[in-house]
Amino acid sequence: MSQHIQSKLPTVGTTIFTLMSSLAVEHNAINLGQGFPDFMMSDELIALVNRAMQKGNNQYVHMNGLPLLRERIAEKIQSLYNASLDPEKEITITPGGTYAIYTALTTILQPGDEAIVFEPAYDSYIPTIEMNGAIPVLIPLQFPDYSIDWELVKEKISSKTKVVLINSPHNPTGSVLSKNDIEQLQNIVRDTNIFILSDEVYEHLIFDDLPHHSMLLYPDLLERSFVCFSFGKVYNCTGWKIGYCIAPAALMAEFRKIHQFNCFSCNSPVQFALAEFLQQKDAYLQLGDTMQKKRDLLQKLMQQTKFMPLVSHGSYFQLYDYSKITNESEKDFAIRLTKEFGVATIPTSVFYKTETDNKVLRFCFAKKEATLEAAVERLIKL
């Protein structure tokens with residue numbers, strides 16, 4: 001008799017990212033689907049990791065992260081956001097941003113709690129909420145600019161609301177929070193016990209001279225927030241899986257109770273390297289300009305196609321409307337585009353739990369110029 005497991009995620013199968021990447025390999029397609037750069041990261045940062053390994057920094061560091069790295073992060077936060085953090089009590093190094101999000105939500109949520117989620121949403125949010133026995137309360141962002149309908153948010157807030165999930169710059173849409181969004185959020189959570197989970201992994205990938213409205217800028221929001229970041233998105237090394245979470249000391253103490261049993265210690269030589277490399281501010285301050293040039297190049301090249309761009313002010317991604325090309329569903333068209341034209345994308349519909357099909361695909365522009373040019377050469381044939 002075979003054993004049977006009652007699934008905690010009975011409706012979840014293989015992710016679309018795995019499917020599209022497999023199809024891309026099978027059909028020798030250019031992969032503009034999954035969000036990772038195809039160009040080399042910093043040689044200097046690689047050398048710093050090698051040096052750390054050669055110096056013997058290969059054993060466990062502190063559970064909460066290398067103290068020097070946490071101190072350097074605190075210095076960066078003070079410089080960028082004028083927020084004074086205690087690196088000992090308010091910063092924890094994690095194996096990637098998604099892990100930080102998972103651990104923060106697991107810290108916050110109890111069975112039956114409600115979590116406000118804006119759709120389309122990064123694909124880990126809803127499964128994490130459900131695994132904790134909580135209930136995702138889904139609010140659609142307003143198409144086509146993917147702005148937040150704050151009146152609808154107010155309607156959805158209840159006595160069971162435990163957390164609001166914020167993501168800016170936003171994956172998959174590239175939208176960013178405005179000052180008005182911040183003011184609306186402040187008004188909604190004031191005098192409540194509602195927490196904020198702020199996914200800011202693309203903090204430096206913001207374009208068009210717009211500011212990044214981090215929770216770290218607003219003391220009244222920070223006091224109820226878990227703010228999650230990713231070094232992989234900052235230094236083009238997504239495979240390193242190193243990030244961090246920031247929260248007030250009392251909240252972080254609870255976060256660490258869970259963290260200690262899932263990841264006792266993160267990659268040590270990488271932490272030593274990052275602590276040194278963080279002193280070079282230009283490496284992250286110039287990132288937005290560099291990536292904006294790639295977004296602008298993709299937009300210019302795509303003018304030769306029938307795809308229509310939607311506004312992207314940040315992240316690795318831009319959404320494109322294909323309604324002038326076909327009436328196929330997003331998933332069907334994305335699959336056909338990969339098989340027949342050799343370009344892999346991600347259907348935006350997979351970022352919704354509520355059935356949605358706006359005839360929009362997500363393109364990743366964090367690629368070499370030659371990659372983007374080659375992809376568009378294929379898309380022109382549509």
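This is a predicted model: local features need pLDDT of at least 70, side-chain atom pairs count only at pLDDT 80 or more; totals for chains, interfaces and linings use all residues.
Helices here (H or I, at least four residues) and strands (E, at least two) are DSSP runs numbered from the N terminus, and contact means heavy atoms within 4.5 Å. Axes are lines fitted to C-alpha atoms, for helices over the stretch in contact, and angles run from 0 to 180 degrees between N-to-C directions.

Residues are numbered from 1 along each chain as its sequence is written, and side-chain values use heavy atoms, with hydrogens and water left out.

Strand β10 (residues 317-321) and strand β13 (residues 360-364) run antiparallel and are joined by five bridges. Within that pair, Gln318 has Phe363 of β13 as its bridge partner.

Helix α14 also packs against helix α1 (residues 16-26): their axes come within 9 Å and cross at roughly 25 degrees. That makes α1 roughly parallel to α14; angles under 35 degrees count as roughly parallel, over 145 as roughly antiparallel, 65 to 115 as roughly perpendicular and the rest as oblique. The crossing of α1 and α14 is right-handed, a crossing being left-handed if the near helix is turned anticlockwise from the far one by less than a right angle, and right-handed if clockwise. From α1 the contact involves Ile16, Leu19, Met20, Leu23 and Ala24, and from α14 it involves Lys331, Ala334, Ile335, Thr338 and Lys339. Seven of these residues are nonpolar, one is polar and two are charged. In this classification Ala, Val, Leu, Ile, Met, Phe, Trp, Tyr, Cys and Pro count as nonpolar, Asp, Glu, Lys and Arg as charged, and the others, Gly among them, as polar.

I turn to two further helix pairs. Helix α13 (residues 287-302) and helix α15 (residues 369-379) have axes that come within 10 Å and cross at roughly 20 degrees, which makes α13 roughly parallel to α15. This crossing of α13 and α15 is right-handed. Lys294, Leu297, Leu298, Leu301 and Met302 of α13 make the contact with Glu369, Leu372, Glu373, Val376 and Leu379 of α15. The contact of α13 with α15 comprises seven nonpolar, no polar and three charged residues.

Helix α2 (residues 43-54) and helix α11 (residues 268-277) pack with their axes 8 Å apart, at an angle of about 130 degrees. That makes α2 oblique to α11. The crossing of α2 and α11 is right-handed. Residues of α2 in this contact include Leu45, Leu48 and Val49, and those of α11 include Val270, Phe272 and Phe277. The contact of α2 with α11 divides into eleven nonpolar, no polar and three charged residues.

The other sheet that I shall describe is open and mixed in pairing, with seven strands in the order β2-β8-β7-β6-β5-β3-β4. Its edges are β2 (91-94) and β4 (135-140), each with a single partner strand, so one side of each is left without a neighbour in the sheet. From one strand to the next, the twist averages 20 degrees. Strand β2 runs antiparallel to strand β8 (residues 243-246), and four bridges join them. The bridge partner of Thr94 in β8 is Gly243. Helix α3 (residues 67-81) packs on this sheet, touching β2 and β8, and its direction makes about 115 degrees with that of β2. Helix α4 (residues 97-108) touches β2, β5 (161-167), β6 (195-199), β7 (225-230) and β8, and its direction makes about 165 degrees with that of β7.

Some backbone details remain. The peptide bond from Glu119 to Pro120 is cis, with omega near 5 degrees, and Pro120 is found in the loop between β3 (114-119) and α5 (125-131). Asn171 and Pro172 are also joined by a cis peptide bond, with omega about 25 degrees. Asn82, although not a glycine, has a positive phi of about 55 degrees; Asn82 lies in the loop between α3 and β2.

Overall, the chain comes to 15 helices and 13 strands.

Note on methods: Two strands pair if DSSP finds at least two bridges between them.
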